[in-house]
Amino acid sequence: MIEDVSSRSLTLLGVVAIAAGLLGMALVQNNRAITAAGGMDAHIHMMGADAGEGVAARPTTTVKPLSCEKLPNVPGHSITTALVEFPPNAYTPRHRHPGSVTAFVIKGALRSQMEGSPAVTYTQGQTWFEPPGAIHSFAENASATEPAELLVIFVAEDDCGPLTIPVPD
């Protein structure tokens, strides 16, 4: 019996391919965040660029770690999978990550800019890669009315610690 392949199955297949690619290239620089590590139940909220300005503040993103596993073929490193939720008009300011990152847009559209590159709008099914320590100038939901979501895969040192490190302007 031949089954029809749904777009959800193809999406999951794409995510598995991304994870396999990261596993195969898990050469990570030795840079650690100097903040407390959170458990897998942690929810990390990113402050908006104008957060703290009262009513004018933009919504924040929420990072929900889904799993963190040690890489048996790359001693001292782990792979962490997380869901990043962007409410309508949400904004994530300048930051970096302690390891390699691949982001996969599950829902909606996101504008993202890496330092030294132009801003790009990514839509459902598209991906981008961030090398270890690269400066991510910003990420934002391209819609003021619809939510967006990313599936993000991090390959970094074993501590399964902080996934995002703020970088001052």
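Here is a chat about the fold, the ring pairs and the salt bridges of a predicted model.

Modeller: Quick ground rules: this is a predicted model, where local features need pLDDT of at least 70, side-chain atom pairs count only at pLDDT 80 or more, and totals for chains, interfaces and linings use all residues. Residues are numbered from 1 along each chain as its sequence is written, and side-chain values use heavy atoms, with hydrogens and water left out.

Colleague: Fine. Which pattern does the chain follow, read along the sequence?

Modeller: Helices (H or I, at least four residues) and strands (E, at least two) are DSSP runs, numbered from the N terminus. By that rule there are 1 helix and 12 strands in the chain. Read in order, the pattern is α-β-β-β-β-β-β-β-β-β-β-β-β.

Colleague: What share of the contacts with a separation of 6 or more comes from residues 24 or more positions apart?

Modeller: A contact here means heavy atoms within 4.5 Å. Among contacts in the chain with a separation of 6 or more, residues 24 or more positions apart account for 71%.

Colleague: And what percentage of the residues count as buried?

Modeller: Buried means under 20% relative accessible area, exposed over 50%, and partly exposed in between (1.4 Å probe, protein chains only). The chain has 169 residues, and the buried share is 43%.

Colleague: On to rings. How are the planes of Tyr-91 and Phe-138 arranged: stacked or edge-to-face?

Modeller: Rings of Phe, Tyr and Trp (its six-membered ring) pair if their centres lie within 6.5 Å; planes under 30 degrees apart count as stacked, over 60 as edge-to-face and the rest as tilted. The structure holds 2 aromatic pairs. In the one formed by Tyr-91 and Phe-138, the centres are 6.0 Å apart with 10 degrees between the planes, and that makes it stacked.

Colleague: How many residues apart in sequence are the parts that this pair ties together?

Modeller: Tyr-91 lies in strand β4 (residues 91–92) and Phe-138 in strand β10 (residues 136–141), so the pair ties together parts of the chain whose separation in sequence is 47 residues.
Tyr-91 and Phe-138 are both buried.
To come back to the number you wanted, the separation is 47 residues.

Colleague: What about the rings of Tyr-122 and Trp-128: how is that pair classed?

Modeller: Both Tyr-122 and Trp-128 are buried. Their ring centres are 4.6 Å apart and their planes are at 35 degrees, so the pair is tilted.

Colleague: Is Glu-140 buried or exposed?

Modeller: Glu-140 has a relative accessibility of 13%, so it counts as buried.

Colleague: Last one: which strands hold Glu-149 and Lys-107?

Modeller: The side chains of Glu-149 and Lys-107 meet in a salt bridge at 3.8 Å, N to O. That pair ties together parts 42 residues apart in sequence, because Glu-149 lies in strand β11 (residues 148–157) and Lys-107 in strand β6 (residues 100–107).

Technical notes
A salt bridge is a side-chain nitrogen of Lys or Arg within 4 Å of a carboxyl oxygen of Asp or Glu.
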